[in-house]
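Please look at the model below before reading on. The report that follows describes how one of its chains is built and where chains touch.

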Amino acid sequence: MTVWDNAQRARDSRLQAGARYAQGKRVARQDATALLEAVIQPGDRVCLEGDNQKQADLLAVALAAVDSGKIHDLHMVQSGVVLPEHLDVFEKGIAKRLDYAYSGPQSQRIARLLFGGQIELGAVHTYLELFARYYVDLTPQVALIAAVSADREGNLYTGPNTEDTPAIVEATAFKNGIVVAQVNAIVDKLPRVDIPGDWVNFVIESDKPFYVEPLFTRDPAAITQTQILTAMLAIKGIYAPYGVQRLNHGIGFNTAAIELLLPTYAERLGLKGQIATHWALNPHPTLIPAIESGWVKQIHSFGSEVGMDDYIRARPDIYFTGPDGSLRSNRAFSQVAGLYACDMFIGATLQIDLQGNSSTVTADRVTGFGGAPNMGSDARGRRHPSKPWLQAGKEADPDSPAPLRRGRKLVVQIGETFGGKNAPLFVENLDALKLAGKLDLDLAPVMVYGDDVTHIVTEEGIANLLLCRDKDEREHAIRGVAGYTDVGRGRDTKLVQRLRERGAIQRPEDLGIDPLDADRDLLAARSIKDLVRWSGGLYSPPSKFRNW
Amino acid sequence: MEQLNYRHVAAKRANGSKAQALVGVVASGNLEVLVERTLPDGECEVDIRTADEGFGKLWQAVVADFVERRSPGGLKLSINDGGARPDMIALRLAQAVRAVEGERS
Amino acid sequence: MSATLMDAWYEASARQRLSGLLDEDSFMEFIGPEQRETSPHLSLFNLPEQFDDGMIVGRGRLNGAPVLIAAQEGRFMGGAFGEVHGAKLTGLLRAARGIASMPVLILFDTGGVRLQEANAGELAIAEIMRALIQARLAGVPVIGLIGGRAGCYGGGGLIAACCSALAVSEQGRIGVSGPEVIETNRGVKEFNASDRVLVWRTMGGKHRLLMGGAEIFSDDSMASFREAARYLIAHAPAMTTATLEAEQSRLEQRIARFGGFEDSLEIWRSMGADDAKAIPGLTYQEFVVLADMLEEPRHDAR
């Protein structure tokens, strides 16, 4: 006779094994490692919350300390490989296989472990893709998560950095998995309930707050004139003519410059209310001046940002906040918002090839994708129209009958022709191809595919790939904005001129922009201190950004 | 250190009457340009000192485009380079001409 | 909302500060960049030179009155003193002594001595200090303005301490050993250089003002530094034995009062500040009001 509740029985016996360390749901932090040894089985799929920002650091340390004789061959499924302990488990033989999305801080070490064979790579995903697989074929048996506080019943408050937790916990809890939460404090009454106690099995109170990476703060003092020029081009050459109201900004100095140019340059162009009103965006401090100047209707966030809590609390008309007043973020829903509810993504990258494929991968660093490929892709399942979407669709395909012609999401890559260490942005062959060879991957890690990219903005101008009819035109539109890089100098000047006449390439002067006017004077805030002032003292920047 | 020098014919004399101007600072990713009105109207010269060796072709292209766009006749531009990228170089050259032509720099 | 780029001191280059501080079109440079008096040492290290070697000297007018002036470019070699850089300031101060009727303004923005020119730089510091004191003895006020990215460290801090008076902004810092040097030599527990709040609390403009290490607290603007300069020139104390003895006594009292404390917060509390932790976050206006109430008695000791 077939047994249909194996997983349930297994879960019950794991809970029983863990119960000896628990009083109710509560486990002392000294017993964290012993608890994990009790509830985890060799070969398990374990999700350790390494979100983009929030890290379940106590649980990461506890997991890295288990006896590899008892716990081994784990399959780690997690958004971010961020802490050293996330890789220690592989070096110690505790974990064997990995499926993940982002590894920025550990990009060099993870590359070494991948090349050296200590990690068996499942695949590198985007966040949303990984969350999706938690519900299909990568469901965690054990989830190790982080929350701000818990009550005696195990209800959790995840607060501003809620991030990935709901997506992780729902998949785990409803498929007979075990959920272990580390919390900063156990309290009598939570500010609000983000995760119901029914879904949580064990709670460990940590001796210090979980670590949060400050990722989305860009110092206005570091924004260069060239970045300001690209921002002016983007605003006048893309935001304005398409009328982009719903959007996502990738993090970077070019987009920070755009945010700081809204109350000044874009205001002078009469664009307030017509662009940049509804956002899927983390709480970028550089958007504060635009919010204070009345540009922004609302923002949904993937996560939070260090120092922004009080400002967010004071602006509930703008941000998603709970009845307790603090932010509620949700990476899964923000990713979906970026895919289906935004008309434009704009972000930076490290390399672009002649087809417009872009990548942030270099031969000795593996950073993963994070969420960019979601944001930077055309969502073909979209059905509702909007002006920018339809306009882009028409540019891409002017000949089809309008009722059968779907729109296109604007996917913009922005950057200077030469990046850090004078490395060219434009290359004939992406380093990602080399990496694919080294790691024997089916696909080269491309962040945004050329056929999704609609525009490329550099200091030399804007390439509108929607208006390019074939591969050749596309290649030369790219070469036409590639400046003095080898790719740029390899241009066919006649073809580039024809593309310019057609508007497929626009130079600053075609848009009435003088590069000498790209002055830091245009920035609504020129320093972190300015941002603090704009926020009325509510924004409290982390120490590394202070000069007072 | 590498020393590069380019002499060009300029379409017309740079406007204004200021004898010299200075823009920029020698720092990482930056450069200074000292511009002096010391040459005949139809000539211009760009003299470069840089610690980043081997980029002669790049400088040549940037300078050639600059001369064509801005017609800096009569000007000698002397550069101390701190490892600036082409976009910064082009910007400073344009700022230098504007400064010596007497406009806001 | 905030001051325009034209006004901000911290962000400005040395030349922009000269232009913003002095009366319009009044600045006349000595040994200008066209003279190409560059460092004889840097090319040995494959480092680029700057035509003015990061030190601009000359004369101008401040509210109509003639002044001699020097400004350091903090972004070139960290504003550090090299042979030529130092010699230009020495020469200016010697000229000031000879002329005797024009005050000197020094716009500091320096990390100290250039490592690549170590001996020449150290000599320059000594020569500058001597020339500065001699100028002061001849009755010339020498006023230091501090508010740039590099702060005023090392030999620059020593020179600043010889000035008649100093004006400092919130972003400005004054010290001798820099934060990283202290951490390297004494350990991170003694001084965590990456704790920028600690750095500014210990060496920044607000603390220097409260301790009596600077006379005037400026806002981060040309206008504010201009007013500070004007005031300090008008009120510069004479350089006499009495002045030096008063300074000695003042410093002795400072050690007696504050020497046992571990942190500036304790010092501020001992001065009577109700909410010491709030001081770094106070706006310019708020801080000036507080400082007036707390400030230890000003000695004409410099």
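Across which strands of chain B does helix H1 (residues 56-70) lie, and at about what angle does the helix run to E1(B)? Helix H1 of chain B lies across E1 and E4 of chain B, and its direction is at about 30° to E1(B). Such angles run from 0 to 180 degrees between N-to-C directions, with axes that are lines fitted to C-alpha atoms, for helices over the stretch in contact.

## About the model

This is a predicted model, in which local features need pLDDT of at least 70 and side-chain atom pairs count only at pLDDT 80 or more, while totals for chains, interfaces and linings use all residues. Residues are numbered from 1 along each chain as its sequence is written, and chains are lettered from A and ligands numbered from 1 in the order in which they are written.

## Overall build of chain B

Chain B has 2 helices and 5 strands, which follow one another from the N terminus as β-β-β-β-α-β-α. Helices (H or I, at least four residues) and strands (E, at least two) are DSSP runs, numbered from the N terminus. The radius of gyration of chain B is 12 Å, close to the 13 Å that the globule rule gives for 105 residues, so the chain is as compact as a globular protein of that length; this radius is taken over C-alpha atoms, and the rule is 2.2 Å times the number of residues to the power 0.38.

Of the 105 residues of chain B, 49% count as buried, a label for residues with 20 or more other C-beta atoms within 10 Å of their own, the C-beta atoms being placed from the backbone.

## The sheet and its helices

In chain B, an open sheet of 5 strands with mixed pairing has the order E1-E4-E5-E3-E2, where two strands pair if DSSP finds at least two bridges between them. Strand E1 (2-9) and strand E2 (20-24) of chain B stand at the edges with a single partner strand each, so one side of each is left without a neighbour in the sheet. From one strand to the next, the twist averages 15°.

Strand E4 (residues 43-50) and strand E5 (residues 75-81) of chain B pair in the parallel sense over 6 bridges, and Asp47(B) has Ser78(B) as its bridge partner in E5(B). Helix H2 (residues 86-100) of chain B lies across E2, strand E3 (31-37) and E5 of chain B, at about 35° to E3(B).

## Where chains touch

In chain C, 13 residues are in contact with 15 residues of chain B, contact meaning that the C-beta atoms of two residues, placed from the backbone, lie within 7 Å.

Conventions:
Buried ≥ 20, exposed ≤ 12 C-beta atoms within 10 Å, placed from the backbone.
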